[in-house]
Amino acid sequence: MMDLFSVLQLLSWVAVGTVLFILMATMGFDFGAGMLARFVGKTDNERRAIINVVAPTWDGNQVWLIIAGACLFAIWPRVYAASFSGLYFGVLVVLWSLFMRPVAFEYRSKIETTKWRGFWDWMLFFGSFLPILILGVVIGNLFLGMPFQFDPESLRFFYGAQGVDGAEPALLSLILLLMPFALLFGIFAVIMSLMHGAAYCAMRTDGVLYERFKKIRSVCAILFILLFALAGIWLCFIPGFHWAPSAVISSFSDSVNHPLNGAVVSITIGGWLSNYAEYPWMVVAPILGFTGAIMVIVLGNKGKAVGAFCGSLVALFGAVFTMGFSLFPFLMPSTLSPDQSLTIWNSSSSQLSLTGILIVALIMLPIIFSYTTFVYKKMWGRDDRMNAEEVESRKYELY
Amino acid sequence: MLPSLLSVELAQFQFAFVALFHFVFVPLTLGLTWILFTMELMYVRTGKQVYKDMTRFWGKLLGINFAIGVLSGLTMEFSFGLNWAYYSQFVGDIFGTPLAIEGLVAFMLESAFVGLFFFGWNKLSKKQHLASTFCLAIGSSMSALLILVANGYMQVPVGGHFVWETMRMETTSLATLFMNPIAQIGFAHTVLAGYTTAAVFVIGISAFFLLKKRDMGFAKRSMAIGLGFGLVSSIMLMFMGDQQGLNAYHNQPLKLAAIEAEWTTQTPPANFNAITFPDQSEQKNNIEIQIPKVLGLLVTHSMETPVFGIKDILYNGYTRSDGVKVPAMTTQISQGAMAYDAMVKMRAGNESPTVRATFEKYKNDIGFGMLLMRYVPKGEPLSSATAKQIHEAATSSVPNVASIFWTFRVMVGLGVLMFLMIIVGLITTIRNTTWDKRWMLRGMLYMIPAPWIACLCGWFVTEHGRQPWTVYNILPTTLSASTLNAWDILATLILFILFYALLIGVEMFLMFKFARLGPSALHTNRYHFEKKNDANELGGK
């Protein structure tokens with residue numbers, strides 16, 4: 001029987017998963033468009049057309065990243081602290097590459113020389129490519145586990161040999177992240193946002209741009225299916241973590257809400273798939289992932305751009321929750337000290353804080369949803385399409 | 001094992017750098033959005049084209065500023081986890097809540113409508129667009145409110161308690177956390193500083209157009225709005241500054257004493273140190289130029305209440321005006337050490353009631369005990385500290401007096417200067433003579449950097465004055481940092497400086513370019529560089 005606190009911990013997990021999905025669903029296509037603009041657009045006006053497809057809404061979409069980060073901080077402070085300081089340079093590369101996006105969007109059109117605009121095209125590419133790549137790599141590493149443990153007296157967090165005298169700098173740990181398995185996840189994330197970006201742009205453009213995005217969309221959807229399947233098969237062959245509450249934890253309460261609570265974690269090959277045996281309904285997530293990608297291809301071929309975009313949303317939803325279900329209840333497994341792995345049961349905020357955040361989220365999400373819908377509806381009428389001619393006619397007004 | 005002192009100092013320096021950099025862009029956004037709303041309101045009311053052009057031109061400058069505000073704000077959110085991991089897990093339960101709510105309630109609103117502001121002119125009705133501008137403005141101010149709630153917890157930690165099992169602070173009351181008086185006052189002071197900044201910015205650039213005798217109608221109208229907006233905000237700003245002093249006197253007496261370089265308690269009402277050169281190691285001032293009785297009046301609003309001096313707070317203790325006796329810092333440190341040692345035993349499984357009782361008795365001072373961790377050798381209990389070590393820990397808990405003494409005075413001085421400029425500007429504008437007084441227009445132009453310097457000085461006073469704590473009297477800064485190699489922090493610091501230098505370089509280049517260009521940048525064929533005929537400028541509808 002679950003008590004109120006563990007129900008809240010579970011709901012928080014659902015909330016963060018939802019925020020991650022919305023993040024991928026919105027910022028995902030901004031990343032995709034940002035990566036594609038430089039290559040799909042052959043002339044300056046074509047590139048501007050692609051940029052202006054996402055221009056009116058990129059800023060609001062990026063806030064989902066900030067909300068995701070803040071939710072991590074507020075809901076699982078230990079995970080926030082451990083992941084950001086542990087993955088130090090990985091996080092910083094994400095941050096530094098994200099720097100390039102706001103300025104590329106805002107400053108690119110301010111000066112007309114080819115050099116200036118070419119420079120910002122590349123910045124936009126790297127600002128979109130690197131964050132999503134590393135985000136994927138980090139998620140891949142979650143499955144591999146990370147080398148960390150806690151000091152029993154102060155609960156101070158230690159990553160690898162960090163902080164120990166004469167320790168190697170954290171820069172090395174960035175390179176250690178790039179294992180083949182994790183790289184697969186990184187590439188998968190890139191493909192996912194390319195598919196989503198192409199699906200979004202196909203919905204918003206016409207003429208030559210539309211034709212190009214159509215092709216990219218289908219190719220990426222096929223790659224999505226292949227990589228998604230490959231990741232699933234690979235998971236069967238790597239060690240997975242399994243969590244068993246020990247006898248010490250008689251009930252979930254604040255007094256065991258820390259990583260030294262005596263829970264026992266076992267590691268078996270293919271263990272990451274054990275949740276699907278225990279809770280078969282979870283298979284829904286990977287099925288949605290594949291179905292969505294197939295929808296992208298089928299509906300896209302019928303010329304239904306909106307339908308293909310919806311398919312892409314379904315695929316993203318499936319992928320995000322497949323990741324969540326496979327890891328559940330782990331958030332950050334530890335290889336140095338598996339029993340201290342961070343799970344949703346031992347690293348959450350207190351009951352009061354969780355209640356507060358969840359209530360605010362419950363009130364705000366519908367409000368945000370309604371004004372965001374208003375913004376999209378106003379910016380994109382039924383027949384509004386972006387193309388090179390449109391850019392030319394509004395060249396002083398657009399990005 | 002604790003992070004090395006070098007790595008903590010580098011992390012502190014890095015945080016100061018990225019936070020101050022962020023606040024170069026925040027105040028202008030806070031204020032300019034409301035000025036844009038005012039201009040657009042005039043447009044909707046009067047239907048005159050010039051007001052729409054004003055909104056669009058100043059909006060262009062906002063956009064250039066906004067981009068860097070967004071990216072440097074992202075750094076702030078990442079910074080806590082990167083360099084301040086122990087802080088994040090120690091108070092994340094409390095500190096994270098306002099941050100999460102900020103994203104959901106405020107920042108999303110601001111960012112969703114910024115797109116409509118720039119691209120929605122032809123897609124929305126006049127009133128819908130005005131409403132979008134309003135959402136942009138209110139969103140950014142609400143953002144500031146929630147950030148200041150989070151910051152308020154670091155200054156005056158209310159609404160939480162220490163839980164030894166989870167080894168962190170946990171929320172006891174969300175209402176207390178959000179209603180923290182220092183947060184409310186700090187919020188008002190911060191946004192008003194932003195409003196004044198934007199007003200001085202608009203006044204200064206309008207003065208530039210007037211000096212060049214370009215787009216006169218446009219510039220005069222902009223300046224009038226800037227002056228009016230600036231008058232209201234700078235008066236309220238000074239009032240809130242006074243309130244902030246009053247609050248520091250009650251809640252952070254050591255910080256206040258450091259700002260005023262008050263080493264010993266004077267007989268009330270205390271004299272005000274106008275100019276002095278504080279000597280930190282000797283705990284005294286060299287060359288004091290004082291204004292009699294002013295300090296007492298300013299910070300206590302009374303003739304009888306004393307302003308407690310640093311040495312009394314550290315070594316002797318004092319009695320507050322409400323009768324509460326505050327023990328000396330040295331006493332609090334030794335009590336905190338006992339609480340910490342008891343807690344260590346409890347965490348190791350000791351269930352003895354005497355240990356528990358010691359912990360319960362002194363647990364409110366546990367943060368003071370943690371100050372000793374840098375003085376007592378590792379492995380030994382904190383309560384084994386010698387009187388000398390305790391004295392040393394207390395002495396080092398005074399922020400650098402000279403730096404905050406002077407930055408505070410720069411902030412106040414510039415604030416008063418801006419206020420006077422606005423008053424004089426308003427009087428001459430009412431008399432319709434501002435436009436001919438070139439000395440005055442030049443003064444207005446050169447005043448543009450002043451609000452930024454004042455804002456940054458203000459934050460320096462607030463945050464450096466809080467040292468050696470990250471959370472006042474709860475968590476020492478030297479424990480808050482992540483356990484990182486100092487080289488890593490140095491490397492990232494250098495990269496941050498490099499990236500930010502490039503970004504601000506591009507930003508300033510565009511800002512100057514478009515400010516110089518003026519409303520001609522809009523390509524409406526109504527302004528100076530496109531059309532030499534100024535007379536038609538205001539003829540639009």
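These legends describe close-up views of a predicted model. Residues count from 1 along each chain as its sequence is written, while chains are lettered from A and ligands numbered from 1 in the order in which they are written. Local features need pLDDT of at least 70, side-chain atom pairs count only at pLDDT 80 or more, and totals for chains, interfaces and linings use all residues.

View 1. Helices (H or I, at least four residues) and strands (E, at least two) are DSSP runs, numbered from the N terminus. Strand 1 (residues 160–163) and strand 2 (residues 168–171) of chain B pair over 4 bridges, in the antiparallel sense. Pairing requires at least two DSSP bridges between the strands. B:Phe162 sits opposite B:Met169 of strand 2.

**View 2. Chain A meets chain B.** Here 64 residues of chain A contact 62 residues of chain B (C-beta atoms, placed from the backbone, within 7 Å). Elements giving two or more residues to the chain A side include helix 3 (58–75) and helix 13 (351–379) of chain A. Helix 13 of chain A gives the largest share, 13 residues. The predictor assigns the complex an ipTM of 0.91 and a pTM of 0.92.

**View 3. Confidence along chain B.** pLDDT is the predictor's confidence in each residue, from 0 to 100. Its mean over chain B is 89, and 98% of the residues reach 70 or more. Over residues 533–541 of chain B, pLDDT stays under 50. Where pLDDT is low, predicted coordinates should not be read in detail.

Conventions. Two residues are in contact if their C-beta atoms, placed from the backbone, lie within 7 Å.
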